[in-house]
Amino acid sequence: MRQVMIGTLQGIRHDFRMMRIETPWGPWEAAPLDEVIALMRGLAAPWWVAGGYAIELAVGHPCREHEDVDIALLRRDQLAVRRLLDGWDVHAAVVPQTLRPWAVDEVLPEPAHDIWVREHPDGPWRFQLMLDEADGKEWLYRRDPRIRRPLTELTVENDGFHRLAPEVQLLYKSKSRRPKDETDFEVVLPLLSDGQRRWLDEALATEHATHPWRERLRHDP
């Protein structure tokens, strides 16, 4: 990856080695988070760190290994990020379980939100972009647009960049409940405020009424 480095992120030292993962579309070998952040600083539109790193940054120390680096932005800013990545090999999952090249200045169709990025076609995938939905000044949860939140409350500033609020990231993670999602829930739950717990509980009630996290959100100290 292009060698642009920034300082330590809020004292976090990412000592876990990035795993190399084989996929049907080629190997994943995620770039260091600080390199991806340095690259994304060139984007004028809003963007934020998402996925497991959003949880880790909220906790303040490494919690587990990471398979990838997720960066999210609004769908309406997709052309700006694609132009930023001119010269990179960028593919989009326009149809589920498939990837195809995403050309500069191409507007992706609405269902497409998952984008993989690497330096060149022969290299490993380095980070992932996720397109989020918005209605004016409100963020919309793409899996259930009844769940909304002011854009001003979607992210938290973190050492000069933004990360997704942990309660919102947990909502995304609530669907699969993979071991890593359960780990992320466990480590960040004690740090959630009453307001954050209420928001996530209400969001889960809308999409997953019987989700087991709801009981713990209401009763765990």
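A residue is called buried at under 20% relative accessible area, exposed at over 50%, and partly exposed in between (1.4 Å probe, protein chains only). Helices (H or I, at least four residues) and strands (E, at least two) are DSSP runs, numbered from the N terminus.

This is a predicted model, where local features need pLDDT of at least 70, side-chain atom pairs count only at pLDDT 80 or more, and totals for chains, interfaces and linings use all residues. Residues are numbered from 1 along each chain as its sequence is written, and side-chain values use heavy atoms, with hydrogens and water left out.

**Stop one: helix α4**

Select residues 166-173, helix α4. Eight of the eight residues are buried, so α4 is largely enclosed by the rest of the structure. Click along the helix: Pro166, Glu167, Val168, Gln169, Leu170, Leu171, Tyr172 and Lys173 are buried.

**Stop two: α4 with α5**

Axes here are lines fitted to C-alpha atoms, for helices over the stretch in contact, and angles run from 0 to 180 degrees between N-to-C directions. The two helices are therefore roughly antiparallel to each other (angles over 145 degrees count as such; under 35 is roughly parallel, 65 to 115 roughly perpendicular, the rest oblique).

Now show side chains. Pro166, Leu170 and Lys173 of α4 are in contact with α5 through Asp181, Asp184, Phe185 and Val188 (contact means heavy atoms within 4.5 Å).

**Stop three: α4 with α2**

The axes of α2 and α4 come within 9 Å and cross at roughly 145°. From α2, look for Gly52, Ala54, Ile55 and Ala58. They meet Pro166, Gln169, Leu170 and Lys173 in α4.

**Stop four: helix α1**

Move to residues 33-40, helix α1. How many of its residues are buried? Eight of its eight, so labelled by the cut-off of under 20%. Among them are Leu33, Asp34 and Met40.

Select strand β11, residues 155-158. β11 and β12 pair in the antiparallel sense over four bridges (strands pair if DSSP finds at least two bridges between them). Thr155 stands opposite Leu164 in β12. Two residues lie between the strands of this hairpin. In the turn, pick Asp159, which has a positive phi of about 60°.
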